[in-house]
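Let's take a walk through a protein chain together. Have a look at the sequence and the 3D picture, then read on.

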Amino acid sequence: MNVLVLGAGGAGVSAVQAIRNVDDKIDINLVSKEDCMPYSLCGLPDFLSGKTSMKVLTRLDNDFFTKNNINLIFGKEAIKVNFSKKIVHFKNNSTNDMNEKLGFDKLLIAIGSKPVIPSIPGLNKKQVYIVSNLESCKNIIKSVKKAKKI
């Protein structure tokens, strides 16, 4: 059996851990649209403030996925699911290639959520940031270092 999990956030990682605890023979592919090890979204404010390191934020050892025979795939975003053929089509975020595919017997969609941004005048300005993922935090840190006035 081949299980494909879309989303390497808390739900996706917990799911692959639970699947592996039940069966050590199932093929598991965990797909992340990001290019980094899975991390805790809840820890982003502490990472942003400097209270937490990237090592603490990632929660898992670097070899967790290898030890547990879980194929972690970085930088791919699901763009279409063909349920009758059991295939997910992906966009490769590095190359923008839209022709990548993975098959599955079972599919778990654990892609999380997006922040709701209220329609308040001024929120669309360049210097207004939304903390939504690790990349957004890194961009905030870069901007703060360059800023003359905060």
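Which lysine side chain meets the side chain of glutamate 100 in a salt bridge? The partner is lysine 76, with N and O 2.6 Å apart. A salt bridge here is a side-chain nitrogen of Lys or Arg within 4 Å of a carboxyl oxygen of Asp or Glu.

## Before we start

This is a predicted model, where local features need pLDDT of at least 70 and side-chain atom pairs count only at pLDDT 80 or more, while totals for chains, interfaces and linings use all residues. Residues are numbered from 1 along each chain as its sequence is written, and side-chain values use heavy atoms, with hydrogens and water left out.

## The overall build

The chain has five helices and seven strands. Helices (H or I, at least four residues) and strands (E, at least two) are DSSP runs, numbered from the N terminus. The C-alpha trace spans about 55 × 30 × 25 Å along its principal axes.

Of the 150 residues, 31% are buried. Buried means under 20% relative accessible area, exposed means over 50%, and partly exposed is in between (1.4 Å probe, protein chains only). Now take contacts, meaning heavy atoms within 4.5 Å. Among those between residues at least 6 apart in sequence, 56% join residues at least 24 apart.

## Three salt bridges

A search of the whole structure turns up three salt bridges. Back to the opening pair, glutamate 100 and lysine 76, whose side chains meet at 2.6 Å, N to O. This pair links distant parts of the chain: glutamate 100 sits in strand β6 and lysine 76 in strand β4 (residues 76-82), 24 residues apart. Lysine 76 counts as buried because its relative accessibility is 18%.

Another bridge joins lysine 67 and aspartate 63, at 3.5 Å from N to O. Lysine 67 is exposed, at 62% relative accessibility, whereas aspartate 63 is partly exposed, at 33%. Then there's lysine 25 with aspartate 24, where the closest N and O atoms are 3.6 Å apart; both of these residues are exposed.

## Two buried residues

Asparagine 92 belongs to strand β5, and it counts as buried because its relative accessibility is 11%. Skipping residues up to four places away in sequence, asparagine 92 touches Gly75, Lys76, Asp97 and Glu100. The C-alpha atoms of asparagine 92 and lysine 33 are 8.4 Å apart, though 59 residues separate them along the chain.

Now jump to valine 13, in helix α1 (residues 10-22). Valine 13 is buried, with 1% relative accessibility. Leaving aside neighbours within four places in sequence, its contacts are Ala8, Leu30, Pro38, Arg59 and Leu60. From valine 13 to asparagine 92 it's 79 residues in sequence and 21 Å in space, C-alpha to C-alpha.

## Out on the surface

The chain exposes about 10100 Å², and carbon and sulfur atoms supply 53% of that. Accessible areas come from the Shrake-Rupley method with a 1.4 Å probe; for residues, only the protein chains shown count as cover. Phe83, Ile109 and Ile111 form a nonpolar surface patch with about 350 Å² of accessible area together. Patches are made of residues with over 30% relative accessible area and no salt bridge, joining like charges within 9 Å and nonpolar side chains (Val, Leu, Ile, Met, Phe, Trp, Tyr) within 5 Å. Isoleucine 111 lies in the loop between β7 (106-109) and α5 (134-146), and counts as exposed because its relative accessible area is 62%.

What about charge? There are 23 positive and 13 negative side chains, and the centres of the two sets lie 10 Å apart. Lys and Arg count as positive and Asp and Glu as negative, with His and the chain ends not counted; each charge is placed at NZ of Lys, CZ of Arg, CG of Asp or CD of Glu. Lys126, Lys138, Lys142 and Lys146 gather in a positive surface patch. Lysine 138 is in helix α5 and is partly exposed, at 42% relative accessibility.

## Two asparagines with positive phi

Most residues other than glycine have a negative phi. Asparagine 69 has a positive one, near 55 degrees, and it's found in the loop between α4 (64-67) and β3 (70-73). Asparagine 96 also has a positive phi, near 65 degrees, and lies in the loop between β5 (87-92) and β6 (100-103).
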